[in-house]
Amino acid sequence: MLKKILIGISILIGIGILVFIGWSLMIVSAFGGFDKDYSVSDLKQNFVKNKTEIYELKRYFNEIVPKNRFVEIEFEDDNTLVRFGIKALDSTAGNPNEPMFLDWDLKTNTTKMDSLIEPMGWTRETLKILKEKLDKADCIQIESGEPVKIGFKRSGMGMYSFNVFDQPITDDLIEQYNDSCTYILVNKRLVLEYGGGAIGSQCFYNME
């Protein structure tokens, strides 16, 4: 009888250990524990390396996004969007007071996707070209606006990005875009950014 009790206790302890390990691995993964953390130098080097392709990506995105809409899009692979968001900026594109439409894990080759992009004049071919330009720039995400924000890589829930300005930022914005945490000012047309998501650190791990 005692032997059976000990065996039962051992089994319960074993299950508990496995559950704890699994939970720990999940938390570590969410914080980027299994992904590469990029330094400020890494981002600077990658921008210089892919500068031509990044500016071509920016030019194309500005060309295809209507002036009366804000759009953000992140690709997982050729046929899947991690997230897609769109918002009217004035009454000609809808109600600007409505919250932004945002959805996750969308397949690009579906009628649902067609219905979301058709009002902007986009097609599946538009998405294909955009993905190709992101790949050439070695990036995964892009948001319209001033600046255009181009997502370089994720680490867990965090995202490393390039903020690429059309016009040099004014002196009164330099402090905002150079806080030595979320933002690193490279020059008046380029600001590096790291956002840790809902639960991660909001600062660069390596400032060098």
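Which residues are buried in α3? In this predicted model, the buried residues of α3 are I54, L57, K58, Y60, F61 and I64. Around the helix axis they cover an arc of only 165 degrees, which puts them on the same side of α3. The face turned away from that buried side carries the exposed residues T52 and E63. Helix α3 comprises 14 residues, 51–64, and at 1.5 Å a residue it should span 20 Å, which agrees with the 20 Å that separates its end C-alpha atoms. The buried residues of this helix pack against a set of elements made up of α2 (40–49), β1, α5 (124–136), β4 (141–143), β5 (148–155) and β6 (158–164).

In soluble globular proteins, nonpolar side chains tend to be buried together. The largest nonpolar core of the model holds 39 residues, of which F61, I73, F84, W122, L130 and F162 touch the most other members. Helix α3 gives the most to this core, with 5 residues. When neighbours within four places in sequence are left aside, I73 is in contact with F61, L81, R83, F84, W122, L127, L130, I140, Q141 and I142. The C-alpha atom of I73 is separated by 9.5 Å from that of G151, a residue 78 places away along the chain. For L130, residues up to four places away in sequence again not being counted, the residues touched are L57, Y60, F61, I73, F75 and W122.

The charged side chains were examined next. A search of the whole structure finds 14 salt bridges. Within α3, the side chains of R59 and E63 meet in one of these, with an N to O distance of 2.9 Å, and the two residues, being 4 residues apart in the helix, are separated by about one helical turn. R59 is partly exposed, with a relative accessible area of 40%, whereas E63 is exposed, with a relative accessible area of 53%. A salt bridge with an N to O distance of 2.8 Å is formed by the side chains of K131 and D135, both of which lie in helix α5, 4 residues apart, or about one turn of the helix. Here K131 is buried, at a relative accessible area of 10%, and D135 is partly exposed, at 43%.

A further salt bridge is formed by E193 and K149, whose closest N and O atoms are 3.3 Å apart. This pair links distant parts of the chain, E193 being in strand β8 and K149 in strand β5, 44 residues apart. Both E193 and K149 are buried. Salt bridges that share partners also join E56, R59, E63 and K133 into one network.

As for covalent links between side chains, the count comes to 1 disulfide, which joins C181 to C203 with an S to S distance of 1.7 Å. The torsion about its S-S bond is about -70 degrees, so the disulfide is left-handed. The pair links distant parts of the chain, with C181 in the loop between α6 (171–174) and β7 (183–187) and C203 in the segment after β8 (190–195), 22 residues apart. C181 counts as buried, at 18% relative accessibility, and C203 counts as partly exposed, at 26%. Another cysteine, C139, is buried, with a relative accessible area of 4%.

Conventions
Residues numbered from 1 in each chain as written. Predicted model: local features only at pLDDT ≥ 70, side-chain atom pairs only at ≥ 80, totals over all residues. Heavy atoms only, no water. Disulfide = S-S within 2.5 Å. Buried < 20%, exposed > 50% of the residue type's maximum accessible area, 1.4 Å probe, protein only. Contact = heavy atoms within 4.5 Å. Expected span 1.5 Å × (residues − 1). Arc of directions from axis to C-beta. Core = buried A, V, L, I, M, F, W, Y, C linked by side-chain atoms within 4.5 Å. Salt bridge = Lys/Arg side-chain N within 4 Å of Asp/Glu carboxyl O.
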